[in-house]
Amino acid sequence: MLTKTFFIDWERPQPVVTSDVTKPPSADLTKGVTTAPTVIWRTYLVANEWNELQNYRKTSIAVQMITMAVLLKWLQLENWAAVAPGFSTEHRSPPFSESRLSRFALNSFLYLTIAAVQWVFHVLIIERILVDPFHSMIDLCSIANISVLSLTHPLYGYYIHGRSVHGRADTDMAHMNQYLQNERDNLCGNRGLEPGSDLQTFIVCLPKAFRDQFDEIAAKVFIPTTQTVRLTGTEATTAKVQKIAKVHDEINQFLMEFIDHSNTTADYVLRDRSFLESVLDIDFKDTTQTGNFARDNSEMAFSGAFVYGNEWSYLSFELLLFSCIDLATTNSAFAAFITFTFSTLFRKSCSVFFTNSLTKSSFVDQRFLF
């Protein structure tokens, strides 16, 4: 989805001590101490994993169309559309004939049944037994020391708290393995945003002051620089990325202060959603001055920022497209082929738009997004 997403890097610059043996030691400990910049590869890794999730779906359009073609053509279930008693798959001659309404009803019933089977199989079996990409994403954020703030609306979205309980993530394999072992042995703190909690996902409604400050910093990317010489080619790209990097660091600092309640003009409170708010997916609290971070105990609410969380919209569109073509041509195999082709092309086009949107909102170098 075309969201505003930013990856918050909690890693602190590491001090580097340089000594000069030709000079006597000094009592001033700040002399000869510099800081090494944080590694950007962790942000690139999380951004790429996030980008891959954007087109992830509960159902497969290929399985959907092949199954529809097999049921309607090979098993001849399309003959059920005839307005006649019984469920015979043999062709009915007049006066028993099908109508557009009966054909559409049959297509809808079969299509939604296949989709429901896929949905249940994918959610209850594949994601619970084999692979769960969304909970894996949460784990990756914690290991990489990266939090994610994704806004589907100007002041509404989702937050994944990925701040590492170990303090840092730029380390070698041995230390990372020890960090994970410490978590298994409960020798470190909890991953959650709140002390003593493991909950890392929240539904956020932000105050207006937050958005004003965020947009003010982000707008610096579009401020033209005073260049005496016009840059072209790779030099122009380098200068552009350097400006983006400065804005990225400034936004990262602003978001860290906001999450840590260190911002004097924008703040938030943690709370639980009421039953009615959860059912209607509406926040009844006034967040003009103070934002809300609603606890997401399902740890799946942030899937609403992806196609996965909007599966019904895509599924119903493909059903209507298939039905319209089938009613116009009375050829379900042709309708399945056209629907599959259009859906595939549409998905690839959306992937390009998703990547471009992610690049612009997260200030990540597009050359490292795949």
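Start by selecting Asp-9, Arg-42 and Asp-170: a network of salt bridges links these three residues. Keep in mind as you go that you're looking at a predicted model. Side chains of opposite charge can pair when their charged atoms come close.

**Next stop: Arg-191**

Select Arg-191 together with Asp-139 and show their side chains. The two meet in a salt bridge, 3.0 Å from N to O. Now colour the chain by secondary structure. Asp-139 sits in helix α4 (residues 133-144), while Arg-191 is in the loop between α5 (173-184) and β6 (201-205), so this pair ties together parts that are 52 residues apart in sequence.

**Along helix α6**

Hide the surface and go to helix α6, residues 208-218. Pick Lys-208 and Asp-212: their side chains meet in a salt bridge, 3.2 Å from N to O. Both belong to α6 and sit four residues apart, about one turn of the helix. An α-helix has 3.6 residues a turn, so residues three or four places apart point the same way. Bring the surface back and you'll find both partners partly exposed: Lys-208 has a relative accessibility of 48%, and Asp-212 has a relative accessible area of 41%.

**Last stop: helix α9**

Now select residues 311-329, which make up helix α9. How far does this helix reach from its first C-alpha to its last? The answer is 27 Å for 19 residues, close to the 27 Å expected at 1.5 Å a residue.

Next, highlight the buried residues of α9: Glu-311, Tyr-314, Leu-315, Glu-318, Leu-319, Phe-322, Ser-323, Ile-325 and Asp-326. What covers them? Show α2 (61-74), α3 (100-130) and α10 (332-362), which are among the elements that do the covering.

Thr-330 follows α9, and its phi is positive, near 50°.

Key. Residues are numbered from 1 along each chain as its sequence is written. This is a predicted model: local features need pLDDT of at least 70, side-chain atom pairs count only at pLDDT 80 or more; totals for chains, interfaces and linings use all residues. Side-chain values use heavy atoms; hydrogens and water are left out. A salt bridge is a side-chain nitrogen of Lys or Arg within 4 Å of a carboxyl oxygen of Asp or Glu. Helices (H or I, at least four residues) and strands (E, at least two) are DSSP runs, numbered from the N terminus. Buried means under 20% relative accessible area, exposed over 50%, partly exposed in between (1.4 Å probe, protein chains only). The expected span of a helix is 1.5 Å times one less than its number of residues. Contact means heavy atoms within 4.5 Å.
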